[in-house]
Amino acid sequence: MPTYKSYCRSLGTTSFRRNELNKEMESQLELLNEFWGLSENIGKSWVGNRETQTDYYNFMLSKGFVAGDAPNKDKDAREKTSGLVDLGLVTEDRRVTPIGNALLAIVANKKFVSDNILGISEDSFVYLKQLIKTSFKVNQDFVRPFLVIANALCEYETLSYEEFWLLPLIINSERREFIFNSIKNLRNGLKQADDIIWKIMSSMENYQEAQSMLLSNPVSEELITKIGMNRDGTRHDKPYYKLYNALLNVRTSNTNENALSLYDAIDSISEGCKPYWKKLLFNEQRLTRKKIQQSGLAYVNLNLRLFIGDDSEFKKEFFRYLHLIKAKNLLDNYADLNKRILKTTNAIIFQDNTVKLDIIPRCFFTLISAQLQDLMFVQSENLHENIPLESISEIFNVKQEEIVSNARKLYGIEANNLYGVQSFVDKRRYERLNQLIDKKFTDEILVDLMTKFENRADSDIQSIVTNNADIPTIFEYVLAIVWYKISGRQGKVLEYMNLSLDADLLPITHAAGGHEDITYKYEATPDYPKHTLLIEATLANGTNQRRMEMEPVSRHLGDYLISHSEEAYCVFATTFLHVNVVADFRSRKNTYYYSVSDESKYVDGMKIIPCNTAELKTIIQRGITYAQLYKIFEAAYQANTIPNLWYQQEIINKL
């Protein structure tokens, strides 16, 4: 009987299909260290020990990392940690490796600033090294998916999402040559993605054997499940027998009733494959069962060879679409997995349905692109060790001067050192940021996001901005974008954010948390003096806001004023303003703040301006500039209105 054989490989597993991926992985490493440090777990093993695996699930549950009781706790625990094993951050026995602990140290110390040759953050550099080392066995071959992707991006500079989608099919050197040639054919309009996928599958012996079985035997549910070769068990392919018969009925009798049965048969198959079958068989994209009931046959694509060929042709077409659609669904999942894990490297940009290496990573990898082919299909070593890039392989021993020279060649820039290249990178980053703002953060979208923050429509917020950051981090990021626009897009906002960003300039949340808020620098103009604005952001409300924000906000501003010889004030941005928080901040105008380490150092009064998201929406909608805001804030600060009336009269009314 034919059996399933892998024909493609992604970078990760389903454990990577999670929001806030960086934070999730880092939190898992922390939890595993804590779990194995408990006295009751010392000496226990993980592999083959379902009791220990169940204990770890319960430990995650007690820490709030998972919710509810999973039906198979041990399986859930294995799945949630399997991705860390693939990346070498933990061993098969779920002990955190040296490289895993190195990542935790970076996160704990918030040492994200780059000092590596690729110009990416230090945590991203760890992920990049691990992906370079990560290899998987596929049938009799080994493949390093990241090196395959890097090689393709060097070869073509930019890949469409469809081309990127095909890369998991590369599992050996012969397949690399085939897919690379196929990408050229795609670009020349000589091939379709379906043809490329089916060419690979139909050349495999198991698919040839399965098709022969279908052609030479009476069709039954058992036969359909055998030729389906589902790696998760034959039960998942049973609905395809219903689909087979529904297609056969439409072939033999073109009636609305049979069209409805066909629609219902598609609804019984797996969710991922269902949209593909509907798109194939029906002429309308957003088809409902009600429409099919009314005039079903009119929507069926009767020109398909499924319906007009002979019986043998029908079986061949059914078999082809059965496996082609499964493959396309798998490649969809793999493309999503690859995108999520590649974004951890901060080296690859996903923009406007295209994929490309960022500037310095491209300069680096194109220097060694040909040599990557010697590594991409061999098993890696030192996966668990925190070793320098050049120790992974001598091909990665690239000098700064080589990168600078390649940058001049690839981008035509005049740079004599890596600092000059970085200046060019920064310029390009701000160009991309402004394009991102124009497309993704218009005034209308920013106002809508403020409302969503007020209503805590968290899933909607993440769908608009990013799913790799939590809502408080996204709130800070959006505030920084708002302030950048208010300020006429002046200033180094990417530095002022004090956030970790990915290569697409979107925020990342890390497990350590506790990062500073926005620190905006202003040079002197006719409207205001040179000064610094600290923007403190919170989504806390009610009593929580009083407890969490009254002391930290004034402390942050006080410490900043003591340690910096410059004018500075603070804007406290929130979705809800507690009257006693306003009163406390107003009282700071006439309050001394002393340095804890040296009481001779102090500030006499602090300027803290609270600002609700409702007023931020007004600022955005009315196009109020920072020069205008500064005058409003200064007048409000100097006013003597009693605290419970101050915000309404001095901020809301003036805006």
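Buried here means under 20% relative accessible area, exposed means over 50%, and partly exposed is in between, with a 1.4 Å probe and protein chains only. Helices (H or I, at least four residues) and strands (E, at least two) are DSSP runs, numbered from the N terminus. Before going on, keep in mind that this is a predicted model, in which local features need pLDDT of at least 70 and side-chain atom pairs count only at pLDDT 80 or more, while totals for chains, interfaces and linings use all residues. Residues are numbered from 1 along each chain as its sequence is written, and side-chain values use heavy atoms, with hydrogens and water left out.

Back to H5. With 12 of its 12 residues buried, H5 is largely enclosed by the rest of the structure.

Three strands form an open sheet in the order S3-S5-S4, with antiparallel pairing; two strands pair if DSSP finds at least two bridges between them. Strand S3 (158-160) and strand S4 (348-351) stand at the edges with a single partner strand each, so one side of each has no neighbour in the sheet. From one strand to the next, the twist averages 20°. S4 and strand S5 (residues 354-357) are joined in the antiparallel sense over 4 bridges, and Ile-348 stands opposite Leu-357 in S5. H6 packs on this sheet, touching S3, S4 and S5, and its direction makes about 95° with that of S5. Contact means heavy atoms within 4.5 Å, while axes are lines fitted to C-alpha atoms, for helices over the stretch in contact, with angles running from 0 to 180 degrees between N-to-C directions.

Now look at S9. Strand S8 (residues 518-522) runs antiparallel to S9 and is joined to it by 5 bridges, with Thr-519 having Leu-534 as its bridge partner in S9. Strand S10 (residues 568-574) runs parallel to S9, with 7 bridges between them. In S10, Phe-572 is the bridge partner of Glu-536, and Thr-574 stands opposite Thr-538. In a regular strand the side chains alternate between the two faces of the sheet. In S9, His-531, Leu-533, Ile-535 and Ala-537 point one way and Thr-532, Leu-534, Glu-536 and Thr-538 the other, and all are buried.

Finally, let us turn to the rings. The structure holds 36 aromatic pairs. Rings of Phe, Tyr and Trp (its six-membered ring) pair if their centres lie within 6.5 Å; planes under 30 degrees apart count as stacked, over 60 as edge-to-face and the rest as tilted. Why is the pair of Tyr-7 and Tyr-207 edge-to-face? The ring centres of Tyr-7 and Tyr-207 are 6.5 Å apart and their planes stand at 70°, so the pair is edge-to-face. Tyr-7 lies in the segment before helix H1 (21-37) and Tyr-207 in helix H10 (residues 205-216), so the pair ties together parts that are 200 residues apart in sequence. Tyr-7 counts as buried at 3% relative accessibility, and Tyr-207 is buried with a relative accessible area of 4%. Tyr-592 and Tyr-594 form a stacked pair, 6.1 Å centre to centre with 20° between the planes.
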